[in-house]
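Open the model in your viewer and keep the selection tool at hand. We will go from stop to stop.

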Amino acid sequence: MTEIAGEVEVVNSLGIHARPAAALVQQLLKFDSEIYISFKGNRVNAKSIMGLLTLGAARGSLLEVSCSGPDAEEAYAAVAEMFASGFGEA
Amino acid sequence: MDFNKLPVTRKQFVPVSRLLAHVTHNIDFEMLAGFQGTERPVYTWDVNRPGLALSGYLDYFANDRVQILGNTEIHFMERLTPHELATRVSNMFAFEVPAFVLSRNLTPQPVFLDLCNRNGVPVLRTSLSTDEVISRIILYLTQEFAPETVLHGTAVDVYGVGCLIVGKPGIGKSESALELVERGHRLVADDLVELKRRREDYLYAKTNDIVQHHMEIRGLGIIDVRAVFGVGSVRVFKRMGLVVEIEEWDESADYDRTGLNAQHVDVLGVRIPYLRIPVRPGRNIAIIIEVAALNQRLKELGTDSVKELNDTIMRTNRYQSR
């Protein structure tokens with residue numbers, strides 16, 4: 001059981017909308033860890049599309065990611081990588 | 001399910017008798033001559049007005065079509081001597097002609113009817129105007145010549161949206177349909193769905209004439225939906241607006257989570273919205289299909305909920321981005 005937390009930045013110009021949210025959820029469902037993302041006092045489960053949409057995370061936003069569970073490190077790495085790549089968007 | 005591998009059948013020809021039987025239902029057809037030729041085949045849905053052929057020009061004579069004789073042709077024929085007319089019509093009969101149709105209760109010259117009797121070419125007459133009879137014949141023949149297929153599945157009219165439910169045997173197609181009927185929707189066909197393309201872009205499902213609205217439910221046996229639920233619970237014919245494939249839940253499959261990636265399938269050349277719905281205990285497939293049908297209607301009426309939600313989010317994000 002590990003816990004890991006850190007900050008990621010939204011780099012794609014449209015921010016977190018339905019497509020990135022769905023892509024993120026699709027990736028994260030593979031992990032057993034609990035993954036939460038917080039932004040402006042709003043903490044949501046990163047495996048919930050609707051939750052991610054409520055963040056209102058535009059480009060340049062810094063989001064706090066916390067993972068806890070057996071595969072927390074891999075899960076955190078996956079989240080960080082997806083945010084860094086801009087979810088394949090410009 | 002691979003819709004491209006369905007066995008497609010298409011009629012090669014329609015006998016004149018079939019045209020007569022159908023059309024007399026809607027049009028007051030009478031037969032003037034050529035009674036022995038009622039089994040002559042019509043090979044194409046189009047019709048021809050044989051004005052040029054009657055004038056003697058027989059290159060490119062569209063002889064395989066139903067020949068329509070309206071005011072123009074009849075009055076032209078009246079200007080010919082019986083001998084001239086006999087020669088020209090005989091020349092036309094060097095080609096195989098399926099039938100003549102007279103509009104506006106017109107009466108041709110006796111020599112024309114004689115020749116048709118001798119050659120066994122049916123002559124039909126109606127009181128309808130020429131354009132009306134042409135459009136009705138073309139409409140009927142295009143339906144007859146439309147491609148058809150049969151598939152294993154279930155067709156239900158859900159809130160006016162024809163839903164074609166497909167999936168492996170035993171996955172619960174019939175049970176879902178039964179629940180939809182219970183909830184007030186209408187069964188079109190179960191197990192054997194006859195599909196037919198109409199025009200270029202309409203796909204129709206039809207009840208099989210023998211099976212009708214009987215349904216086999218495991219554990220119950222065969223039930224007659226019309227008798228059990230009443231005549232309001234069935235229909236014979238319905239345009240299909242949605243294909244729903246029910247399948248076993250697959251952890252590794254990418255189910256559409258947002259509805260942004262609308263999928264379509266091609267059935268008999270008609271593009272139809274397509275949904276894959278995984279089954280799992282606790283998921284009520286009938287209700288999901290019901291909502292899918294309503295959402296489809298909403299989209300057809302111009303409201304794409306997920307797109308509108310996402311557009312709002314993207315607009316806000318763009319406004320706030322740094």
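Start in chain B, where helix 4 passes helix 5 in a right-handed crossing. Keep in mind that this is a predicted model. Select residues 82–92 for helix 4 of chain B and residues 110–119 for helix 5 of chain B. Their axes come within 9 Å and cross at roughly 30 degrees. Angles under 35 degrees count as roughly parallel, so helix 4 of chain B and helix 5 of chain B are roughly parallel to each other.

Now show the side chains at the contact. Helix 4 of chain B brings B:P82, B:L85, B:A86, B:V89 and B:S90. Helix 5 of chain B answers with B:V111, B:F112 and B:L115. By class, this contact has 7 nonpolar residues, 1 polar and no charged ones.

Move to chain A. Here 4 strands make an open antiparallel sheet, in the order 1-4-2-3. Select strand 1 (2–9) and strand 3 (42–45) of chain A: both stand at the edges with a single partner strand each, so one side of each has no neighbour in the sheet. From one strand to the next, the twist averages 20 degrees.

Zoom in on strand 2 of chain A, residues 34–39, which pairs with strand 3 of chain A over 4 bridges. Pick A:Y36; its bridge partner in strand 3 of chain A is A:N45.

Next, select residues 72–84, helix 3 of chain A. This helix lies across strands 1, 2 and 4 of chain A, at about 5 degrees to strand 1.

Last stop: helix 1 of chain A, residues 18–28. Its buried residues include A:L24, A:V25 and A:L28. Among the elements covering the buried residues of helix 1 of chain A are strand 2 and helix 3 of chain A, along with helix 10 (305–320) of chain B.

Conventions
Residues are numbered from 1 along each chain as its sequence is written. Chains are lettered from A and ligands numbered from 1 in the order in which they are written. This is a predicted model: local features need pLDDT of at least 70, side-chain atom pairs count only at pLDDT 80 or more; totals for chains, interfaces and linings use all residues. Side-chain values use heavy atoms; hydrogens and water are left out. Two strands pair if DSSP finds at least two bridges between them. Helices (H or I, at least four residues) and strands (E, at least two) are DSSP runs, numbered from the N terminus. Axes are lines fitted to C-alpha atoms, for helices over the stretch in contact, and angles run from 0 to 180 degrees between N-to-C directions. Contact means heavy atoms within 4.5 Å. Buried means under 20% relative accessible area, exposed over 50%, partly exposed in between (1.4 Å probe, protein chains only). Angles under 35 degrees count as roughly parallel, over 145 as roughly antiparallel, 65 to 115 as roughly perpendicular and the rest as oblique. A crossing is left-handed if the near helix is turned anticlockwise from the far one by less than a right angle, and right-handed if clockwise. Ala, Val, Leu, Ile, Met, Phe, Trp, Tyr, Cys and Pro count as nonpolar, Asp, Glu, Lys and Arg as charged, and the others, Gly among them, as polar.
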